[in-house]
Amino acid sequence: MHARILLKKSWPTLAVLALIPLGQTKAQDKPELRVAPNLSCKVVHPLGYGALLAQQAPVIDGKLDDNVWKNAPWTEDFVDIQGDARPAPRFRTRAKMAWDQKYFYIAARLEEPHVWGTLTKHDSVIFQDNDFEIFIDPDGDNQQYLELEINALNTEWDLRLVKAYRDGGPALNEWEVPGLKTAVAVEGTLNNSTDQDTAWTVEWAIPWTSLAEFAGRQCPPKSGETWRVNFSRVEWRHTVDKAGNYKKVPGFPEDNWVWSPQGRIDMHRPETWGHVRFVNTPEEAKKPVIAEDQQARWWLMDVYEAQKTYQGKNKKYAATFEELGLKTPKEKGWKVALDTKTDGSNFATTVTIPRAGKSDLELKMDADSRIHRNPSWDSDSK
Ligand SMILES: [Ca+2]
Ligand SMILES: [Ca+2]
Ligand SMILES: [Ca+2]
């Protein structure tokens, strides 16, 4: 999904402490929910997934019959991009992830009674067809992330975002992933409107060499490290013309179905993407994915949203949390600070979190929603 369909609607945010992988969302261990300080009502929280080290590389042919995929759990079923306040998707979508020393592997299955596509040129605006999309922000700083889209014809669009569109972008279409391998398999027939299909499946091998520049830390990641990842499926309502060709129904907006709900019709909010932890063993893959800094990140984004609203009204950023109507967060031991330029042209806000047996963790965010982490990932994981 691109800037065209951004920010149609604004939803409040709700955060959670623990991020629960597939198979662990039983009623008794539901994550504790925390309403972000200035918001209420709408549940949006990043999901978690443990990506297992592949013992044998999958054959990238679009078929998900490889051993690695037999061993990898499905993600949760995709939901509407705005979350559970919206109707469930019409067709089921799920994904799987794995990795080895060369590649980050992603697989997806998109149930679909009519598999069709039109775009055949690389770097086309693929979401004009039904598609599957991948978003990865390895270092979780809300900037310098990548987007990969594919349609049922295995036409692929790779681009990099310098900043999110809300912070001015730009999107770099000319950016490429050397050595990227993708394949699509169709359970049914492609572009044949006379019958009914079952699904299409997609397989990706994304070389770590192309991800390294985004990671800011060891790549491939060390076992136990988490990256921010999300998936989206764009689905258009279709009709069939007299010649039997599939066409989009004019005037109907697309559906956007995603793994980790975004709360708004906007994929370009990396703070709401899922947490994917890379692990070596099936036991590790089953553990809940805990992000120790998620609550602090919600706080920073609350400040960001409040500052943007304030700036829209006052043409400058606020100098105090009081002016923003934000109460100091109640979390024990947190220290928060707001540093705004005297002329109100820029600001930075900081949360410092005490950690048992470790140095304090400081997260600092600037007016472009970039989150700087101190200590850095690499020094923290030693
Ligand atoms: Ca395969
Ligand atoms: Ca980044
Ligand atoms: Ca490209």
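Modeller: This is a predicted model, and the protein chain averages a pLDDT of 87, with 87% of the residues scoring at least 70. Over residues 2-43, however, the pLDDT is below 50, although this stretch has 97 contacts in the model beyond near neighbours in sequence.

Colleague: What should be done with coordinates where the pLDDT is low?

Modeller: Where pLDDT is low, the predicted coordinates should not be read in detail. For residues 2-43, where the pLDDT is below 50, I would apply that caution to the 97 contacts as well.

Colleague: How many helices and strands does the protein chain have, and what percentage of its residues is buried?

Modeller: The secondary structure comes to five helices and 23 strands, and buried residues make up 39% of the 382 residues in the protein chain. Among contacts between residues at least 6 apart in sequence, 65% join residues at least 24 apart.

Colleague: Which residues have the most contacts inside the largest nonpolar core?

Modeller: That core has 60 residues, and those with the most contacts inside it are Ala 51, Met 97, Ala 98, Tyr 105 and Ile 106. Its largest share, seven residues, comes from strand 7 (residues 103-111). Apart from it lies another core, of 17 residues, with Ala 296, Trp 299, Met 301 and Phe 347 among them. As for Ala 51, if residues up to four places away in sequence are not counted, Ala 51 touches Met 97, Ala 98 and Trp 99, and also Val 276, Arg 277, Phe 278 and Val 279.

Colleague: How do strands of a sheet pair, and in what order do the four strands of the open sheet lie?

Modeller: Strands of a sheet pair through backbone hydrogen bonds, either parallel or antiparallel. Here four strands form an open sheet in the order 20-21-22-23, and the pairing is antiparallel. Strand 20 (335-340) and strand 23 stand at the edges with a single partner strand each, so one side of each is left without a neighbour in the sheet. The twist averages 15° from one strand to the next.

Six bridges join strand 20 to strand 21 (residues 347-355), and in strand 21 the bridge partner of Ala 337 is Thr 350. Helix 4 packs on the sheet, touching strand 21, strand 22 and strand 23, and its direction makes about 165° with that of strand 21.

Colleague: How many bridges join strand 22 to strand 23?

Modeller: Four bridges join strand 22 (residues 358-366) to strand 23 (residues 371-374), and in strand 23 the bridge partner of Met 365 is Ile 371. The two strands form a hairpin with four residues between them, and Ser 369 in the turn has a positive phi of about 60°.

Colleague: Why does the span of helix 4 agree with what its residues should give?

Modeller: At 1.5 Å a residue, the 21 residues of helix 4 (residues 294-314) should span 30 Å, and its end C-alpha atoms are 30 Å apart, which agrees. Among the buried residues of helix 4 are Ala 296, Trp 299 and Met 301. Just after the helix, Lys 315 takes a positive phi of about 60°.

Colleague: Is Glu 271 buried or exposed?

Modeller: Glu 271 has 23 C-beta neighbours inside 10 Å and therefore counts as buried. Glu 271 lies in the loop between strand 17 (255-258) and strand 18 (274-279), and, leaving aside its neighbours within four places in sequence, is in contact with Asn 142, Arg 297 and Met 301.

Technical notes: Residues are numbered from 1 along each chain as its sequence is written. Chains are lettered from A and ligands numbered from 1 in the order in which they are written. This is a predicted model: local features need pLDDT of at least 70, side-chain atom pairs count only at pLDDT 80 or more; totals for chains, interfaces and linings use all residues. A nonpolar core is a set of buried Ala, Val, Leu, Ile, Met, Phe, Trp, Tyr and Cys residues joined through C-beta atoms within 7 Å. A residue is buried if 20 or more other C-beta atoms lie within 10 Å of its own, exposed if 12 or fewer, and partly exposed in between; C-beta atoms are placed from the backbone. Two residues are in contact if their C-beta atoms, placed from the backbone, lie within 7 Å. Two strands pair if DSSP finds at least two bridges between them. The expected span of a helix is 1.5 Å times one less than its number of residues. Axes are lines fitted to C-alpha atoms, for helices over the stretch in contact, and angles run from 0 to 180 degrees between N-to-C directions. pLDDT is the predictor's confidence in each residue, from 0 to 100.
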